[in-house]
Amino acid sequence: MNTRAASIASAASASSSSSFLATPAARDDAGKLLLRLAIGVLVLLHGIFKISAGVGFVSAMLMKAGLPGGLAYLVYVGEILAPLLMIAGFWTRAAAGVVVINMLAAFGLVHMADLFALTKQGGWALELQGLYLFGALAVVLLGAGRFSLGGLRGRWN
């Protein structure tokens, strides 16, 4: 009986070592995929709202800050195109960099008054925007990993 139990344990061990996430590199790549998808989808949903609502309010804020209102259309690059590229894993670092720039612009134009504010529950008032900013910055630093259209050695991944 012990021989049979040992062979079953050995077979289970062998099958788990050939598992999808058996190596540290595979787990790193899976973590990069999860981060890319989470940040990309969340920012994309934010951008889809801007498609339906239009960029009029962004344009008004830009003009109030002394900038050309036409720059508001860049929000589509930062909240639609860049997140789609992040999700796909194509030109990932550059796309995540665009999201970082987009979020820094949002901080500067919209959220400066809340930069050091806390909510009633003690959380940072800008935690969602902070998640977008620092998550995208992490993707810039980490790249896409092998589970991406650009592949592990992709030029901008």
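Helices (H or I, at least four residues) and strands (E, at least two) are DSSP runs, numbered from the N terminus.

**Figure 1. Overall pattern of the predicted model.** Along the sequence, the protein reads α-α-α-α-α-α, with 6 helices and 0 strands. The model is predicted, so local features need pLDDT of at least 70 and side-chain atom pairs count only at pLDDT 80 or more, whereas totals for chains, interfaces and linings use all residues. Residues are numbered from 1 along each chain as its sequence is written, and side-chain values use heavy atoms, without hydrogens and water.

**Figure 2. The buried face of helix H3.** In H3 (residues 56-64), the buried residues are Val 58, Ser 59 and Leu 62; buried means under 20% relative accessible area, exposed over 50%, and partly exposed in between (1.4 Å probe, protein chains only). Seen down the axis of H3, these residues fall within an arc of 100°, so they line one face of the helix. The arc is that of the directions from the helix axis to the C-beta atoms. An α-helix has 3.6 residues a turn, so residues three or four places apart point the same way.

**Figure 3. The cover and the end of H3.** Helix H2 (24-53) and helix H5 (92-111) are among the elements that cover the buried residues of H3. Just after H3, Gly 66 takes a positive phi of about 85°.

**Figure 4. Burial across the protein.** Of the 157 residues in the protein, 34% are buried. Among contacts (heavy atoms within 4.5 Å) with a separation of 6 or more, 62% join residues 24 or more positions apart.
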